[in-house]
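Hi there,

Here is the structure I promised to pass on to you. Please have it open while you read, and my notes on what turned up in it follow below.

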Amino acid sequence: MDVIGHYNYWVSIVLMMAGFYMVIASANLVKKLVGLNVFQTAVFLLYITMSKVSVPDCAIDCGTAPIFKEGFTVYSNPLPSVLILTAIVVSVSTTAVALAIIVRIKEAYGSVEEDEMLRRDGE
Amino acid sequence: MDQGQGKGPRLITAVHDILLLTLLLVTTVAVVRLRNLVAVVMLLGLYSLLMAAVWLVLDAVDVAFTEAAVGAGITTFLLLAAVLLTGQEEKPPRRGPIGPLLIVAATGAVLLYATADMPPFGAPDNPIHRHVAPYYIDRSLDETGVPNMVTAVLASYRGYDTLGETTVIFTAGVAVLVLLGGRRRREDEIEEDE
C-alpha cells in the first residue's frame with residue numbers, strides 16, 4: 001500500500017471521524033451540525049478521489065476534467081461529480097432546515113446545549 | 001519518453017493534492033477544538049474553500065464551483081445567522097472526551113483497515129472507470145451536444161432527477177418558512193394581546 005495511492009482515502013476517513021466526534025462528543029447543537037457537515041464533505045472526498053484519472057508516465061493527455069476538448073482523449077470519471085453535485089445541494093437544504101429547528105429550540109428552551117434541554121425537560 | 005518531463009502532470013497533481021489535504025486536516029483539528037462558534041463557522045467556510053480547491057485538483061470542476069458557492073457561501077451565511085441567534089459560546093462538556101474518542105478511534109481503525117482494499121489513486125484501469133462511465137465519455141457529445149459531460153448527465157440523461165432535486169430545495173425552503181415564519185406571527189399576536 002503506497003502512501004500517495006491511499007493518502008486521499010486516509011484523509012477522507014480522518015475528516016469523517018472528526019465530524020463523527022463532533023456529533024457525539026459536543027453538547028451544542030450548532031457544533032453537532034458543523035460535525036455533520038464535515039462528515040458529509042468527507043464522504044464527498046471519498047467519491048471524488050475515486051473519479052480522478054491520472055495516467056502514469058505521460059506528458060499531456062493524462063486525464064483531465066470531463067469537458068470535451070480537441071486533443072484530449074483521457075478524461076476523469078464524470079459520474080461521481082454528478083452524484084456529489086446533487087448531494088451538495090441536498091446537504092445545504094438539510095442544513096437550512098436543521099438550523100431553523102435549532103433556532104426554534106433556542107426559543108422554546110432558552111439554550112441549544114443538550115444538558116440544559118434535558119434538565120428543562122425534567123423540570 | 002523523457003522520464004522527467006513525463007512524470008510532470010502526475011507529480012504536480014500529487015503535490016497539490018497532499019498539500020491541500022494536509023491544510024484541510026489542520027483546519028478540521030481547529031474546528032473540533034475551538035469553542036467560539038463564530039470562529040468555528042469561519043473556519044468551516046475556510047474548510048469548504050480548501051475542499052473546493054481539492055475538487056479542482058481532482059478534476060471535478062463543477063463540484064468545485066458548487067462547493068465554493070454553496071459550501072463556502074450559503075452554508076457559512078446560514079450558520080453565522082443561526083450562531084448569532086443562538087449564542088456564540090459552546091459550553092464545556094460535562095462528560096470527558098474518553099468515551100466518544102474510543103468509539104471514533106475504533107470506527108476509524110476499521111475504516112482505515114478497509115482502505116487497504118481500495119484501488120490506487122488515479123489508476124486508469126480502476127473498476128469505477130470500466131463500467132458505465134466510458135459510455136458517457138464516448139457518446140454524450142454526439143447524443144446531447146453538450147461538451148461538459150457532467151452537465152450532459154445532470155441536465156439531459158438525468159433531467160428528471162435534477163427536477164426532483166429542485167423539489168428538495170423547494171421543500172426545504174417551505175419548511176424553513178413554516179418553522180421561522182410562524183414565530184414572527186406569534187410574536188405579533190403577543191404584542192397585540194399586550
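**What lines the largest pocket**

Sorted by class, the residues lining the largest pocket are 9 nonpolar, 2 polar and 8 charged. Please keep in mind that this is a predicted model. The volume of the largest pocket comes to about 380 Å³. Its lining is made up of 19 residues, and those closest to the centre are Tyr21(A), Ala25(A), Ser26(A), Arg35(B) and Pro93(B). Two or more lining residues each come from helix H1 (3-25) and helix H4 (114-122) of chain A and from helix H2 (8-33) of chain B. H1(A) gives the largest share of that lining, with 4 residues.

**A cavity**

There is also 1 cavity of 30 Å³ or more, and the space inside the largest cavity is about 130 Å³.

**Three tyrosines in chain B**

Over all chains, the structure holds 3 aromatic pairs. In one of them, the ring centres of Tyr135(B) and Tyr136(B) are 5.4 Å apart and the planes stand at 80°, which makes the pair edge-to-face. Why edge-to-face? Because planes over 60 degrees apart count as such. Tyr136(B) also pairs with Tyr157(B), again edge-to-face, with 4.9 Å from centre to centre and 80° between the planes. Tyr136(B) sits in helix H6 (residues 133-144) of chain B and Tyr157(B) in helix H7 (residues 149-157) of chain B, so this pair ties together parts that are 21 residues apart in sequence. Tyr135(B), Tyr136(B) and Tyr157(B) form one aromatic cluster.

Are these tyrosines buried or exposed? Tyr136(B) counts as buried, with a relative accessibility of 19%; the cut-off for buried is under 20%. Tyr135(B) is partly exposed at 33% relative accessible area, and Tyr157(B) is partly exposed at 29%.

**A helix with a buried face**

One more element to look at is helix H5 (residues 98-115) of chain B, which has 18 residues. From first C-alpha to last, H5(B) reaches 26 Å, close to the 26 Å expected at 1.5 Å a residue. Pro100(B), Val104(B), Gly108(B) and Thr115(B) are buried in this helix. Looking down the axis of H5(B), you will see its buried residues within an arc of 55°, so they line one face of the helix. As background, an α-helix has 3.6 residues a turn, so residues three or four places apart point the same way. The exposed residues Ile98(B), Leu102(B), Val110(B) and Tyr113(B) are on the other side of H5(B).

Best wishes

Note on methods
Residues numbered from 1 in each chain as written. Chains lettered and ligands numbered in written order. Predicted model: local features only at pLDDT ≥ 70, side-chain atom pairs only at ≥ 80, totals over all residues. Heavy atoms only, no water. 1 Å grid on protein atoms, 1.4 Å probe; cavity = no way out; pocket = protein on both sides within 12 Å on 5 of 7 lines; lining within 4 Å. Points joined across faces, edges and corners; volume = space filled by probe spheres on them. Phe/Tyr/Trp six-rings, centres within 6.5 Å; stacked < 30°, edge-to-face > 60°. Buried < 20%, exposed > 50% of the residue type's maximum accessible area, 1.4 Å probe, protein only. Expected span 1.5 Å × (residues − 1). Arc of directions from axis to C-beta. Nonpolar A, V, L, I, M, F, W, Y, C, P; charged D, E, K, R; others polar.
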